[in-house]
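Here is a short report on selected parts of a two-chain model. Please keep the sequence and the 3D view at hand.

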Amino acid sequence: MIISAREKNDVIIFDIEGEIRRSETTNISLHQLVKDQLDDGTRHLLLNFQKVEFIDSFGVGEILASYISTHNLGGKLKIAKMSKKLYLVFQVTMLTKVLDIFDDEETALKSFFKD
Amino acid sequence: MTKNRLYRILSRIVDIKPGEELISISLFSYFFLITTPFYIIKPLRIASFLDKLGANQLYLPYLLTAALMGFVVAFHSKLQVKISKHLLIISSLTFFTLTCFLFWLIFPYNWSWLPLAFWIWANILIIVLITQFWILLNEIFNPREAKRLIGFLGSGGILGGIVGAEVAGLLAKTKLSGYLLLFASGLLIACAFVVNYIFILERKKHSVTDEKDKGRWQELPKGGFKVCFDVVRKSNYLRLKAGAVSIMVIVSLLIDWQFNKVIEEKAVSQNSMTSFFGHFFAGMLFFSFFLQLFLTSSLIKRLGIRLSLMLLPLVLLLFSLGFAVSANIFLAVLIKGSDKGLSYSFNQSVHKLLYIPVSPEIKHKAETFIDMFLYRFAKGIGAVILFLFISIHLKFQYVSLAAVGFILAWIFLNQKISDEYVSTVKQKLKRKWGRADRMVAEKLDVDYTKLVFDTLESKNRSSVLYAMHLFDLIKQDKLTPEVKKIISYKSDEMRISSLGTLFEENETTLIPKTDDYLSEEVLKKEIKEILSLDVYQEVMSNHVEKVLRDKNREAETAKMEVAKAIGLMDSTSPLVQKLDELLHDESPEVRRYAVESAAKLKKREHVRALIQNLSNPLTRDDARAALEKYGQEIVGTLGDYLKNPKMDIGLRKAVASVLARIGTQEAADSLTHRLSEKRGDMDTELIDALDRIRSEKPDVQFPEKIVMTKIAREIKKCYQILIETHDSKLKSKKDEMSKGLPKNLKVSLMNIFKLLGLIYPYEDIMKAYQNAETGTKDSLAYAVELLDNTLKKNMKNIILPIIEDLSLEERVKRCKRILKTFPEG
């Protein structure tokens with residue numbers, strides 16, 4: 001799994017490539033990267049899932065932990081460009097009830113400043 | 001005069017901030033220019049009335065004013081809706097200037113009805129103009145600004161009274177006495193210019209055009225006396241305020257009568273009486289002025305709204321009781337002086353502050369009704385009560401006791417008002433976010449979610465693991481048609497198929513085709529029976545031994561299967577003993593399955609291995625969930641790890657979060673006692689864990705002494721960060737400060753509020769924190785106001801300098817001053 005960060009419209013976007021799973025996590029986890037951003041004062045985070053092929057239960061834990069850490073500080077963490085099949089799994093497991101998931105990056109970016 | 005110089009001069013006498021000097025001076029002048037003409041008119045009004053109609057006719061202007069005020073209120077409310085406040089105030093000033101000039105022209109004709117008309121006109125003038133002044137003041141400033149400046153601004157009105165009365169007194173004895181009303185007209189014109197300048201300043205500040213301003217007033221519902229009355233009737237807070245004002249007016253009237261009665265009895269001649277009244281009123285106004293300018297703001301800040309509201313009634317209660325015992329001239333002066341002296345200054349400011357948390361549209365109507373109508377109406381009621389007392393020849397001391405009764409009712413209402421005031425301030429603040437862990441737990445079954453993902457993940461890895469996951473789903477009645485659909489796909493298909501193809505009829509399925517008639521209950525029963533068979537245990541024991549001895553990488557999946565299978569067995573099964581070894585396996589995947597099984601079996605012997613798994617980020621989340629399932633029984637063990645400084649810090653932090661999830665009183669105690677440690681390397685995690693317990697378990701108690709000590713330490717840390725930032729010559733640090741609070745200060749501030757939430761009402765503290773942290777200037781002001789009314793005195797004294805809207809210089813100055821007397825430890 002490769003995670004790279006970029007900034008757009010005051011939102012930090014994590015472009016994630018590969019599979020978010022325990023066996024793919026080596027040096028630093030997604031949650032740790034999110035926490036580092038929060039420590040730097042960032043409060044708007046977007047996870048770009050365009051190149052995420054699969055996630056396991058560890059990945060789910062990482063996403064939820066990142067979401068909780070961000071929201072506990074009054075921030076927002078959202079997801080964009082998730083594949084339809086992964087979205088279906090998120091729907092069935094009701095993760096979509098908690099997480100804000102958008103089809104495209106622009107809509108997701110705008111949503112940070114709507115509410 | 002430059003703004004800086006003006007600021008330097010003003011800041012010596014009033015707690016003013018840069019940028020507020022022009023608006024403050026203008027409002028001071030506005031108030032001054034209302035009361036100066038009025039106090040020129042007032043002596044003329046009394047003198048002309050007594051001269052032409054006599055004191056016995058005084059009931060007439062009182063009654064007519066009370067009756068007419070209803071029409072004035074109705075007309076004023078309608079104008080409020082139709083025109084901008086700028087136009088309304090300027091029109092009112094123009095009207096009173098012209099009518100004042102008209103009275104000056106017709107006064108020499110000595111018509112008999114003129115003094116009565118003049119009296120009523122003068123009453124309407126002062127009520128309308130003063131009400132408009134307070135409405136504008138409340139619109140311009142938020143509660144904190146108003147609290148700081150109200151003493152100074154109010155003193156403008158009292159100074160105007162002194163100047164106006166003195167001007168009238170001096171000119172009345174000269175040939176210029178005929179020009180008093182002309183002079184008053186001139187002052188009202190000057191007032192209109194000042195008001196115009198105030199609106200120019202406000203427009204510059206907010207870029208509000210006249211049209212926009214008008215629009216704001218037009219948004220209000222159609223006004224009128226009934227609308228104003230309904231606004232007060234429908235609000236508990238305003239009803240209480242109206243009640244308190246009514247009683248205050250009645251008490252004041254009774255005191256006034258008692259005072260006049262004593263003076264009348266003691267005075268030897270009319271001249272001596274006039275002389276006494278002259279000196280008395282001048283002294284009283286001077287006392288009010290001094291109190292208003294130098295003491296009101298600081299007293300209100302020091303006492304807070306609750307005690308400030310009690311000051312006047314308590315003073316009057318004391319003197320009225322004294323008066324009931326012995327009615328002498330000394331007490332008469334004291335009681336009358338305190339009543340009017342405090343009413344014109346301190347009490348007026350406190351009552352105006354009570355309007356601040358009320359929304360503008362309601363405030364205008366309530367203020368119009370209470371200040372313009374109710375005040376006069378209550379005076380009428382008071383006069384009727386007094387008339388009854390006099391007609392039944394009630395003894396002097398009984399009137400004092402009746403006043404005591406009214407004062408007690410007034411104190412009761414004030415107590416209710418201060419409670420309502422705090423709740424009104426609270427309503428102004430919205431909680432911006434709650435703890436997300438709580439929300440996630442409420443909306444999501446995390447175990448089930450992970451199980452579905454594990455089931456999908458295991459399809460490619462091992463059919464055994466996959467079957468066991470399916471069995472888990474069946475056991476939990478979670479193998480719904482939707483889940484079946486998702487997991488029915490080969491994983492490759494899952495990764496490439498589109499949503500459309502996913503729902504095609506003839507999909508390939510990996511779910512074993514089971515007999516529909518084989519119920520899930522039967523399946524559960526059969527598997528349980530197989531797992532508990534001795535022969536199964538024997539065969540499996542050999543298999544497990546073999547797998548555990550295998551050091552090849554390929555054995556990882558087999559170990560995962562074993563770790564998962566143990567979780568399906570009975571806790572008494574001999575194979576469960578092998579779980580400890582799996583919990584220490586080098587593969588995080590194997591350990592993770594072992595952790596999950598340990599959570600199902602909940603055997604004490606696995607606790608230490610589970611805690612060890614907290615130190616690794618790859619197994620931490622699962623270990624945390626597993627330990628949480630043990631609950632209260634492992635709190636002691638977790639506490640031992642928490643207090644052991646030799647343990648890995650990551651592990652100890654994770655232990656703190658497990659205790660937070662368990663959330664019992666013992667778990668909270670274990671965490672709270674660690675707050676006493678001076679190392680501070682786990683402060684944020686400990687405090688966050690306690691905050692989580694507080695948010696989820698309101699019944700859990702936290703030892704106040706430990707929490708208070710920790711808060712004091714955190715505040716001291718904040719002070720030091722601020723002073724260091726300020727004193728540092730490093731430009732980078734000052735830049736950081738100008739952008740916002742430094743990172744470590746933000747963390748410290750968050751910790752302080754979470755700690756405050758443990759011992760004060762949690763919702764209120766969180767509202768205050770979130771609005772102070774992310775809100776506008778006004779929401780910060782309301783947040784500070786809420787804290788001011790919620791925290792104990794010693795606590796708010798040390799916290800508010802960090803929160804309040806102050807410049808860095810001022811903040812550091814206050815911090816340094818407090819640090820000199822800051823408690824040690």
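Strands are DSSP runs of E of at least two residues, numbered from the N terminus, and two strands pair if DSSP finds at least two bridges between them. The model is predicted.

**The sheet of chain A**

Chain A holds an open sheet of five strands. Their order is β1-β2-β3-β4-β5, and the pairing is mixed. The edges are β1(A), residues 2-8, and β5(A), residues 100-102; each pairs on one side only. On average, neighbouring strands are turned by 25 degrees against each other, direction ignored.

Two of the pairings are set side by side below.

How many of the 12 residues of β3(A) are buried? Nine are, so this strand, residues 44-55, is largely enclosed by the rest of the structure. The cut-off for a buried residue is 20 or more other C-beta atoms within 10 Å of its own.

**An enclosed helix in chain B**

Helix α29(B) spans residues 649-662. From first C-alpha to last, its 14 residues reach 20 Å, close to the 20 Å expected at 1.5 Å a residue. Of these 14 residues, 11 are buried, so the helix is largely enclosed by the rest of the structure. Among the buried residues are Leu651(B), Val655(B), Val658(B), Leu659(B) and Ile662(B). Arg652(B) and Lys653(B) are also on the buried list.

What covers the buried residues of α29(B)? The cover includes α26(B) (607-612), α27(B) (617-630), α28(B) (635-643), α30(B) (665-674) and α31(B) (683-696). Just after α29(B) comes Gly663(B), with a positive phi of about 65 degrees.

**A helix pair in chain B**

Helices α36(B), residues 777-790, and α37(B), residues 793-803, pack at an angle of about 175 degrees. Their axes lie 10 Å apart. Angles over 145 degrees count as roughly antiparallel, so α36(B) is roughly antiparallel to α37(B).

From α36(B), the contact takes Val784(B), Leu787(B) and Asp788(B). From α37(B), it takes Lys796(B), Ile799(B), Leu800(B) and Ile803(B). These contact residues divide into five nonpolar, no polar and two charged.

**Where the chains meet**

The contact between the chains draws 36 residues from chain B and 30 residues from chain A. Elements of chain B that give two or more residues include α15(B) (436-443), α18(B) (481-487), α25(B) (588-601) and α35(B) (762-774). Helix α27(B), part of the cover over α29(B), is also one of these elements.

Which element gives the largest share of the side of chain B that touches chain A? That is α16(B), with nine residues. By type, this side of chain B divides into 17 nonpolar, five polar and 14 charged residues.

Helix α35(B) also holds Glu763(B). This residue counts as partly exposed because it has 15 C-beta neighbours inside 10 Å. Along the chain, Glu763(B) and Leu354(B) are 409 residues apart. Their C-alpha atoms are separated by 23 Å.

Methods
Residues are numbered from 1 along each chain as its sequence is written. Chains are lettered from A and ligands numbered from 1 in the order in which they are written. This is a predicted model: local features need pLDDT of at least 70, side-chain atom pairs count only at pLDDT 80 or more; totals for chains, interfaces and linings use all residues. Helices (H or I, at least four residues) and strands (E, at least two) are DSSP runs, numbered from the N terminus. The expected span of a helix is 1.5 Å times one less than its number of residues. Two residues are in contact if their C-beta atoms, placed from the backbone, lie within 7 Å. Axes are lines fitted to C-alpha atoms, for helices over the stretch in contact, and angles run from 0 to 180 degrees between N-to-C directions. Angles under 35 degrees count as roughly parallel, over 145 as roughly antiparallel, 65 to 115 as roughly perpendicular and the rest as oblique. Ala, Val, Leu, Ile, Met, Phe, Trp, Tyr, Cys and Pro count as nonpolar, Asp, Glu, Lys and Arg as charged, and the others, Gly among them, as polar.
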